[in-house]
Amino acid sequence: MTTEIFFSAVLIGIGATAFMDVVALFQKLIFSQQSLNYAMVGRWLGHVVQGQIVHRHIMASDPVPAERLLGWSAHYLTGVVFALGFLAVVGRGWLEAPSLLPAIAFGILTVLAPFLILQPGMGVGLAARLTPDPQAARLKSVFAHFSFGTGLWVAANCVSISF
């Protein structure tokens, strides 16, 4: 992977994650839909480094220092890592002429991370099966990752204009 593609992936990952966050903000403002509390992601990560990976429920676990900052940082770092992985798969050709469908497909595929890692670790089970309304939680996660995929395409178009 060249330096140019790496730098592009960083910008695209940050842009796609920001796009996802803007969509979540609109959902909150228009539909009163709560988004993920990234402080709880930080709390989970803080406990992971101490050796505790799975919790009964993350909100009942002890807070960790700077958990909000840790969670938000991990959120954006994850977006960058996903963008790096996406560009490694689709290659430079996609970066030169971004198309929407591969970005959305990849975005939806990334929902496996919360379904298989984050949600079980935070105490809500595989694919949020232990939440009060698992189907709603799953759809919300899929839509969030759909918006991330859309954000990959939007950000790539912005990055390609700047180069």
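**Entry 1: what I am looking at.** I am working with a predicted model, so I read every distance below as a computed value.

**Entry 2: salt bridges.** I asked how many salt bridges there are. My count came to three.

I started with Arg92 and Glu4, whose closest N and O atoms are 3.2 Å apart. This pair joins distant parts of the chain, with Arg92 in helix 4 (residues 92–96) and Glu4 in helix 1 (residues 3–31), 88 residues apart. I then checked accessibility: Arg92 has 35% relative accessibility and counts as partly exposed. Glu4, at a relative accessible area of 39%, is partly exposed too.

Next I looked at what else Arg92 touches, and found a salt bridge to Glu96, at 3.0 Å from N to O. Arg92 and Glu96 are four residues apart in helix 4, so about one helical turn separates them. Glu96 comes out as exposed, because its relative accessibility of 57% is over the 50% cut-off. Putting these together, I noted that Glu4, Arg92 and Glu96 are linked in a network of salt bridges.

**Entry 3: the salt bridge of Glu67.** Glu67 pairs with Arg43, and here the closest N and O atoms are 2.8 Å apart. Glu67 sits in helix 3 (residues 67–90) and Arg43 in helix 2 (residues 38–48), so the contact ties together parts that are 24 residues apart in sequence. Are these two residues buried or exposed? I found Glu67 buried, and Arg43 as well.

**Entry 4: aromatic pairs.** I turned to the rings and counted six aromatic pairs. For Phe86 and Trp94, the ring centres lie 4.7 Å apart and the planes meet at 80°, so I logged the pair as edge-to-face. Phe86 is buried, and Trp94 is buried too.

Phe143 and Phe146 gave me a stacked pair, with 6.0 Å from centre to centre and 25° between the planes. Both of these residues lie in helix 7 (residues 134–162), three residues apart, which is about one turn of the helix. Phe143 is partly exposed, with a relative accessible area of 36%, and Phe146 is partly exposed at 31% relative accessibility.

**Entry 5: a ring cluster.** Which residues do ring pairs link into a cluster? I found Tyr38, Trp72 and Tyr76 joined in this way.

Definitions and conventions:
Residues are numbered from 1 along each chain as its sequence is written. This is a predicted model: local features need pLDDT of at least 70, side-chain atom pairs count only at pLDDT 80 or more; totals for chains, interfaces and linings use all residues. Side-chain values use heavy atoms; hydrogens and water are left out. A salt bridge is a side-chain nitrogen of Lys or Arg within 4 Å of a carboxyl oxygen of Asp or Glu. Helices (H or I, at least four residues) and strands (E, at least two) are DSSP runs, numbered from the N terminus. Buried means under 20% relative accessible area, exposed over 50%, partly exposed in between (1.4 Å probe, protein chains only). Rings of Phe, Tyr and Trp (its six-membered ring) pair if their centres lie within 6.5 Å; planes under 30 degrees apart count as stacked, over 60 as edge-to-face and the rest as tilted.
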